[in-house]
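Dear colleague,

Please find below the structure that I am handing over to you. My notes on it follow directly after.

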Amino acid sequence: MRTLLYVVLSLLAWTAAAAAQERVPLTVETAAGVRHEFQVEIAATEAERNRGLMYRQELAPDHGMLFVFARPTRVTMWMKNTPLPLDMLFIGNDGRIVDLHERAVPYSLDTIAAGRRARYVLEVNGGTVERLGLAVGDRVTGAGVGG
């Protein structure tokens, strides 16, 4: 019986991990009209948001994770168990970037808070904001953002 339980639990864990790897397209359009395409994983449940990108050793340059909240709120993030430096784009209900945090320090327990209420947070590799010239006011579309 224990062996069967172990197999079932292992399969459930594997299925959950595989589902978390599914990505959907997301676009960030700058004020100049330049569009940047990303493939993002969605973190919509509390458990998914709590885990985030923890333990990830790599993230492709055009990949990320979109944290989705039920309504605009004062979002706080941290880097616990996260070995990658990340940029965080805090996004309002209308899909506009309302705040940015660049190059969050790996493994830091310091609180990272947006200066304004956000409905979404897009985490991408550290340095992406600077490399692509992203800014507050840029528009994010796809993956249900702004809808």
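Buried residues account for 39% of the 147 residues in the chain. Please bear in mind that this is a predicted model.

Overall arrangement

The chain holds 3 helices and 9 strands. Read from the N terminus, its elements follow the order α-β-β-α-β-β-β-β-β-β-α-β. Of the contacts between residues at least 6 apart in sequence, 69% join residues at least 24 apart.

In soluble globular proteins, nonpolar side chains tend to be buried together. The largest nonpolar core here comprises 19 residues, and those touching the most other members are Phe67, Val75, Met77, Met88, Phe90, Ile112 and Val121. At least two residues of this core come from each of strand 3 (63–73), strand 5 (86–91), strand 6 (97–104) and strand 8 (118–125). Apart from this core lies another, of 17 residues, which include Val28, Phe38, Leu122 and Val129.

Isoleucine 112 deserves a separate entry. Once its neighbours within four places in sequence are set aside, isoleucine 112 is in contact with Val75, Thr76, Met77, Met79, Met88, Phe90, His101 and Ala104. Among these partners, Val75, Met77, Met88 and Phe90 are also listed with Ile112 among the residues that touch the most other members of the largest core.

The second largest pocket

The second largest pocket has a volume of about 280 Å³. Its lining consists of 17 residues, and Arg49, Asn50, Phe67, Met77 and Trp78 are the ones nearest its centre. By class, this lining is made up of 9 nonpolar, 4 polar and 4 charged residues. Helix 2 (46–51), strand 3 and strand 4 (76–77) each contribute at least two residues to the lining. Helix 2 gives the most, with 3 residues.

Aspartate 99 and its surroundings

Aspartate 99 is placed in strand 6. Neighbours within four places in sequence aside, aspartate 99 is in contact with Met88, Leu89, Phe90, Ala113, Ala114, Gly115 and Val136. A polar atom of the aspartate 99 side chain lies 2.6 Å from the backbone nitrogen of glycine 115. From C-alpha to C-alpha, aspartate 99 and leucine 89 are 6.3 Å apart in space, with a separation of 10 residues in sequence.

Tyrosine 120

Is tyrosine 120 buried or exposed? Tyrosine 120 has a relative accessible area of 2%, and because buried means under 20%, this residue counts as buried. Tyrosine 120 belongs to strand 8. A polar atom of the tyrosine 120 side chain lies 3.2 Å from the backbone oxygen of glycine 144.

Residues with positive phi

Most residues other than glycine have a negative phi. Arginine 103, which lies in strand 6, has a phi near 50°, a positive value in a residue other than glycine. Arginine 103 is partly exposed, its relative accessible area being 43%. Alanine 143, in the segment after strand 9 (139–141), has a phi near 55°, which is likewise positive in a residue other than glycine. With a relative accessible area of 31%, alanine 143 is also partly exposed.

Alanine 32

Alanine 32 sits in the loop between strand 1 (24–29) and strand 2 (35–43). Its relative accessibility is 73%, and because exposed means over 50%, alanine 32 counts as exposed. The C-alpha atoms of alanine 32 and aspartate 138 are separated by 9.0 Å, while the two residues are 106 apart along the chain.

With kind regards

Note on methods:
Residues numbered from 1 in each chain as written. Predicted model: local features only at pLDDT ≥ 70, side-chain atom pairs only at ≥ 80, totals over all residues. Heavy atoms only, no water. Core = buried A, V, L, I, M, F, W, Y, C linked by side-chain atoms within 4.5 Å. Buried < 20%, exposed > 50% of the residue type's maximum accessible area, 1.4 Å probe, protein only. Helix = DSSP H or I, 4+ residues; strand = E, 2+ residues; numbered from the N terminus. Contact = heavy atoms within 4.5 Å. 1 Å grid on protein atoms, 1.4 Å probe; cavity = no way out; pocket = protein on both sides within 12 Å on 5 of 7 lines; lining within 4 Å. Points joined across faces, edges and corners; volume = space filled by probe spheres on them. Nonpolar A, V, L, I, M, F, W, Y, C, P; charged D, E, K, R; others polar. Polar contact = N/O pair within 3.5 Å; in protein donor to acceptor, adjacent residues only side chain to side chain.
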